[in-house]
2 protein chains.
Amino acid sequence: MLNSLSRDDDVSSLHALKPCPDAPWTHQRSISARTGIPLARSGAPLTFRLRQGCVALFRELSDNRRQILDVFGPGWVVSGECVDLGKCRAIAVCPVRIEFIDPFQNRKAITDATRRMLIRAQAHCLLLGRKTATERVASALLDLADQFSRQGHGGRSSFLLYLSRSELADWLGLTHETVSRCLSRFKRERLIAFTQPELITIRDRQALRALAAGAIPAT
Amino acid sequence: MLNSLSRDDDVSSLHALKPCPDAPWTHQRSISARTGIPLARSGAPLTFRLRQGCVALFRELSDNRRQILDVFGPGWVVSGECVDLGKCRAIAVCPVRIEFIDPFQNRKAITDATRRMLIRAQAHCLLLGRKTATERVASALLDLADQFSRQGHGGRSSFLLYLSRSELADWLGLTHETVSRCLSRFKRERLIAFTQPELITIRDRQALRALAAGAIPAT
DNA sequence: CGACACCTTGAGTGAACTCAACGTATGTGG
DNA sequence: CCACATACGTTGAGTTCACTCAAGGTGTCG
């Protein structure tokens, strides 16, 4: 009965991004999970608005090390103008609906999104450079809850964690084992709850926020 | 005889930022080393163009952990519009000349700078999340050489490393001891040279670039 | 049913950290 | 002028947090 919530993964890995057919900006397009989303066409940057789903922006090092730069939910405008086109790629983390838009008619949307992305990137630098694994995972959960949670009933809020443990790890500069251990610990300590690994409930937002901000855990 | 190159430090630490007197945007202002630079006045974001010197943008965690988000050389436009005003601060890393500019008359300069800063922040996320200490220090040296080196004579280029070891560490998500060890190793391996700790000569840019890109070191 | 991806957990390792000592340069006050 | 304090840099010794490696469980798909 959770089918409507479950991720519609396909088996292709991040490394085998499917090419995406041409996309003139007209109307909405659907893109399946784990599929690359083009950020440019014949050298010119493309811009799209995310209508539904979750998109990740990432860069790679030569030897398979990968860093997810940011994770976007519905409403975000993502543009090839604000990434290093040669090095950065976008991927649909789940089935996604996007709408390519004309950059010339949407200047303000693009500059606004650029500013928001910069501020998020700066916060993420602080996370990657100075936070512990525990703090990183707590920060990520709060961020994703903000972007993806449906109505929190009774202080709690549940959300679909579109990202796999490995993707979370690549976002947070950790390994998937470390992410899994942190999530298990949070669950044990009743800060969160989950039975399926991809449906998370925030049980103690306050405590998570304290952790995310770098407070020393009570033990 | 290197006086003209040496840093004009004062003893105040980063933690005791001197307040900066009001700054209406008219003409150039000088700011002494280790002094804070205002990013807003009465809530409204300020914007300045860096004429001379080196400015760092940073954020802090509650318990003194600090992350330098970016380091800017002459020519950069830095704006309170593209940071989280409540959490982010700017500091002069050496004696600096800046010019506050009218944001309404300089839209394009600001949006261009925002885009460049975002792309740099994304590259820095990759560095912080996925690179080793060695790779981080190599990347930083190349970045700073690009921004600050005077004419490279004979393939080499020297530059003033305005940042202290601790500031480098706070930029690269390391400790000052680790930075020092990396620099010493690079010196031992003849990738760089220095007699004073703050005047660096790049001796093997090629090798540094390979390291910075994540190539496995030869040894 | 096997193949595969993903998640979890344990055991052992290692890269970067902490702590500590020492050297140098600069500044201050007696 | 020297004694002292302070900041910064370097290097060594020991520690630790997150990593690697490994094993086993679950769910999905052909």
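**Close-up 1. B:Val137 in helix α2 of chain B.** In this predicted model, B:Val137 belongs to helix α2 of chain B, which comprises residues 133-148. The residue counts as buried because 27 other C-beta atoms lie within 10 Å, where the criterion for burial is 20 or more. Leaving aside residues up to four places away in sequence, B:Val137 touches B:Leu172, B:Val179, B:Cys182 and B:Leu183. B:Ala109, by contrast, is 28 residues apart from B:Val137 along the chain, and the C-alpha atoms of these two residues are separated by 30 Å.

**Close-up 2. The surface near DNA strand D.** There are 19 residues around DNA strand D, and those that come nearest are A:Thr132, A:Thr178, B:Ser164, B:Arg165 and B:Ser184. Two or more residues of this surface are given by each of α4 (176-188) of chain A, α3 (165-172) of chain B and α4 (176-188) of chain B. The largest share, six residues, is that of α4(B). Sorted by class, the surface near DNA strand D consists of nine polar, five nonpolar and five charged residues.

**Close-up 3. The two domains of chain A and their contact.** The domain assignment divides chain A into domain 1, residues 28-127, and domain 2, residues 131-212. Taken over C-alpha atoms, the centres of domain 1 and domain 2 of chain A are separated by 22 Å. To the contact between them, domain 1 of chain A brings 11 residues and domain 2 of chain A brings 10 residues. On the side of domain 1 of chain A that touches domain 2 of chain A, the elements giving two or more residues are β6 (55-60) and β7 (66-72) of chain A, with the largest share, four residues, coming from β7(A). By class, this side of domain 1 of chain A has eight nonpolar residues, two polar residues and one charged residue.

Definitions and conventions
Residues numbered from 1 in each chain as written. Chains lettered and ligands numbered in written order. Predicted model: local features only at pLDDT ≥ 70, side-chain atom pairs only at ≥ 80, totals over all residues. Near = placed C-beta within 6 Å. Nonpolar A, V, L, I, M, F, W, Y, C, P; charged D, E, K, R; others polar. Domains from an automatic or database assignment. Contact = placed C-beta atoms within 7 Å. Buried ≥ 20, exposed ≤ 12 C-beta atoms within 10 Å, placed from the backbone.
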